[in-house]
Amino acid sequence: MANERPTGLKANKGIELLTWATPNGWKASIMLEELKEAYGKEYTWQPINIGQNIQKEPWFTKLGPNGRIPVIVDHDQGGFAVQEGLAILAYLTRHYDPDHKFSFIDPFDVSRAEQWMAWQHGGLGPMQGQANHFNRYAKEIIPYAMQRYTGETERLVGILDNQLKDKDYLVGNKYSIADIASFGWVNVLRASGVDLDAFPNLKSWWERILARPAVQKGLAVPSPSSISNEAYLQRMAEDQEYAQKERELKQKIEEAKEQYGYKYSSP
Ligand SMILES: N[C@@H](CCC(=O)N[C@@H](CS)C(=O)NCC(=O)O)C(=O)O
């Protein structure tokens, strides 16, 4: 399935999700799996292999002008398309969560959820994304950028950890779109060079959410990721060559932090 190259929409009713197995993609697939479990709302999906730049093709950018996944199309609303994880979570709950199982009625809780989702969009996602880029994919090794973005990711997850000190979930002590927005990024924290064990409240929150059947299903759309925290630890234990390379990368990040006098501090 994941090898097929989509060339356009394939459904004509319900929600169609265009996605790939990434932290941003999981926001949409987890939400859709939760709605399916809670309300029996079916959806279809297509794999958009971002390594093949399918998200830049004209049929895709007509739906999601930013040329990035995830995008949903609501065939029951005249083919209305939504890009951006935050907007997708808001759209799906506004239309398809009538009992507010994953969203809020109280305007102050609505605002609290919006704040954490905006925080994820403007902070955790972009910073952790840049940490991954400069630690793993940059064409040259730039120690300043490595420590800057890895350090900023640590600062941000420290905020979440603190927020979760006496709470199971971010808003109203209820699992919601506020949690779903950040969960995917925390789900790849280890591969981003940040030690999840150093943030115990966050780790418990991550485990609590990971245990949900709908979350497990959402994480398998379109196929399981090799960099989720669990997959990462497993590969570190089983593949000596990979483990050695990862240890070398961690060492480079540590050296970069030392070079620029980085000290963990949050906020
Ligand atoms: N702010 C967007 C970010 C979307 C995004 O960056 N998606 C990445 C995957 S995690 C992507 O499509 N990358 C492919 C590309 O940059 O062309 C959201 O939260 O939905």
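Helices and strands here are DSSP runs, numbered from the N terminus: a helix is H or I over at least four residues, a strand is E over at least two. Residues are numbered from 1 along each chain as its sequence is written. Please keep in mind that this is a predicted model, in which local features need pLDDT of at least 70 and side-chain atom pairs count only at pLDDT 80 or more, while totals for chains, interfaces and linings use all residues.

With that naming, Glu84 sits in the loop between β4 and α3. Its phi is positive, about 75 degrees, although Glu84 is not a glycine. Most residues other than glycine have a negative phi, and most peptide bonds are trans. Glu84 is partly exposed, because 18 other C-beta atoms lie within 10 Å; on this scale 20 or more is buried, 12 or fewer is exposed, and partly exposed is in between, with C-beta atoms placed from the backbone.

His100, in the loop between α3 and α4, also has a positive phi, about 50 degrees. His100 has 14 other C-beta atoms within 10 Å, so it is partly exposed.

Next, the cis peptide bonds. One joins Ile69 and Pro70, with omega about 5 degrees, and Pro70 is in the loop between α2 (58-61) and β3. Another joins Ser266 and Pro267, again with omega about 5 degrees; Pro267 belongs to the segment after α10 (240-259).

Now the sheet. Four strands make an open sheet, ordered β2-β1-β3-β4, with mixed pairing; strands count as paired if DSSP finds at least two bridges between them. β2 and β4 (80-83) are at the edges with a single partner strand each, so one side of each has no neighbour in the sheet. β1, residues 15-19, pairs with β2 in the parallel sense over five bridges, and Thr19 is opposite Pro47 in β2.

Finally, the domains. Domain 1 covers 15-96 and domain 2 covers 107-259; these bounds come from an automatic or database domain assignment. Their C-alpha centres are 21 Å apart. Which residues meet? From domain 1, 19 residues are in contact with 22 residues of domain 2, contact being C-beta atoms, placed from the backbone, within 7 Å. On the domain 1 side, α1, β2 (43-47) and α3 (85-96) each give two or more residues, and α1 gives the most, with ten.

Notes. Two residues are in contact if their C-beta atoms, placed from the backbone, lie within 7 Å.
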